[in-house]
Amino acid sequence: LTNQSGQTLLGHLSEPATLTVNGLPALVDASNQFSFGPMTLAEGTNTFALLAVDPAGNSAGIELRVTLDSIAPAPAGLDAITRSSAIGGSIGIIGLAGSVEAEATVYITNQATSQQVTIPAGSDGAFSTEIAGADSDVLTLVVRDAAGNSSAPVTLEAPLPLQWRFGVIGDSIAAATHSNDMCGSGDELMN
C-alpha cells in the first residue's frame, strides 16, 4: 500500500537468472539484485507477474500486488463528534460511527498548547480520546488513512457555555411583554 504513484521494483534472486516483469525484461546485476522501473502505478491494485529463468531453463514465478491510494480521506464529520467541557484539565472527544474513515488515524491538536494526541478509529469510523486543555481551547482534527493521505483539518470549537432559559406558559407569557387583564403589566410583575 502506497500513496506514491512513482515506484521501482527492487529485489534479490536466489541464483543467477533472467527476470521479466509483466513480460518486460528487468535489470539483474552480478550479485543477483534486480530492479524494474521507474514506473507509474494506477490508482487501485496494480499486479506484476515476475518470472525468473535460470541458465538451465528452470523457471519460477510470483505475482506481486501493489495498491496505490492517493486519495485523501474525507475530513472528520463534526456533526458526529462531541466535545466535553474540560474536567480536571482534560477535554473528552467522542466520534460516533462514521465520523471518520474506518480504521484511519485521527490526529487531534490543541491549538492553545500545541499538544497532539493520535487515536485509531475502529472499523466503523468511531473513536474516543482525551486531550489536556481548557474550555476555551480550540482543537483541530486531521484524519490520516493507512496509505498516509491526510484530510483537510477541521476545527472543533470550544463548547458554548450553559445558558439557562426560563419560560412561562399560558397567559403569563403575554403579561411579561404587555398589559394583560389577568396579570397586569410587565412593570407590575417586577415589583
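Visitor: Which strand is the place of Asn110?
Guide: Asn110 sits in strand S10. Keep in mind that this is a predicted model.

Visitor: Is Asn110 buried or exposed?
Guide: Buried. Its relative accessible area is 0%, and the cut-off for buried is under 20%.

Visitor: What does the side chain of Asn110 make a polar contact with?
Guide: The side chain of Asp137. The distance is 2.9 Å.

Visitor: Which residues does Asn110 touch, not counting those up to four places away in sequence?
Guide: Asp137 again, plus Gln115, Ile131, Ala132, Gly133, Val138 and Leu139.

Visitor: New topic. Where is Thr113?
Guide: In the loop between S10 and S11.

Visitor: Why does Thr113 count as partly exposed?
Guide: Because its relative accessibility is 46%.

Visitor: How far apart are Thr113 and Val138?
Guide: They are 25 residues apart in sequence. In space, their C-alpha atoms are 9.6 Å apart.

Visitor: Now the core. How many residues has the largest nonpolar core?
Guide: It has 18. Ile93, Ile108, Phe127 and Leu141 have the most contacts inside it.

Visitor: Which elements give two or more residues to this core?
Guide: Strands S9, S10, S11, S12, S13 and S14. The largest share, three residues, comes from S13.

Visitor: What is Ile108 in contact with, leaving aside neighbours within four places in sequence?
Guide: Among them are Ile93, Val117, Phe127, Ile131 and Leu141. Gln115, Gln116 and Thr129 are also in contact with Ile108.

Visitor: How many residues are in the second, separate core?
Guide: That core has 15 residues, including Val21, Met39, Phe48 and Leu68.

Definitions and conventions
Residues numbered from 1 in each chain as written. Predicted model: local features only at pLDDT ≥ 70, side-chain atom pairs only at ≥ 80, totals over all residues. Heavy atoms only, no water. Core = buried A, V, L, I, M, F, W, Y, C linked by side-chain atoms within 4.5 Å. Buried < 20%, exposed > 50% of the residue type's maximum accessible area, 1.4 Å probe, protein only. Helix = DSSP H or I, 4+ residues; strand = E, 2+ residues; numbered from the N terminus. Contact = heavy atoms within 4.5 Å. Polar contact = N/O pair within 3.5 Å; in protein donor to acceptor, adjacent residues only side chain to side chain.
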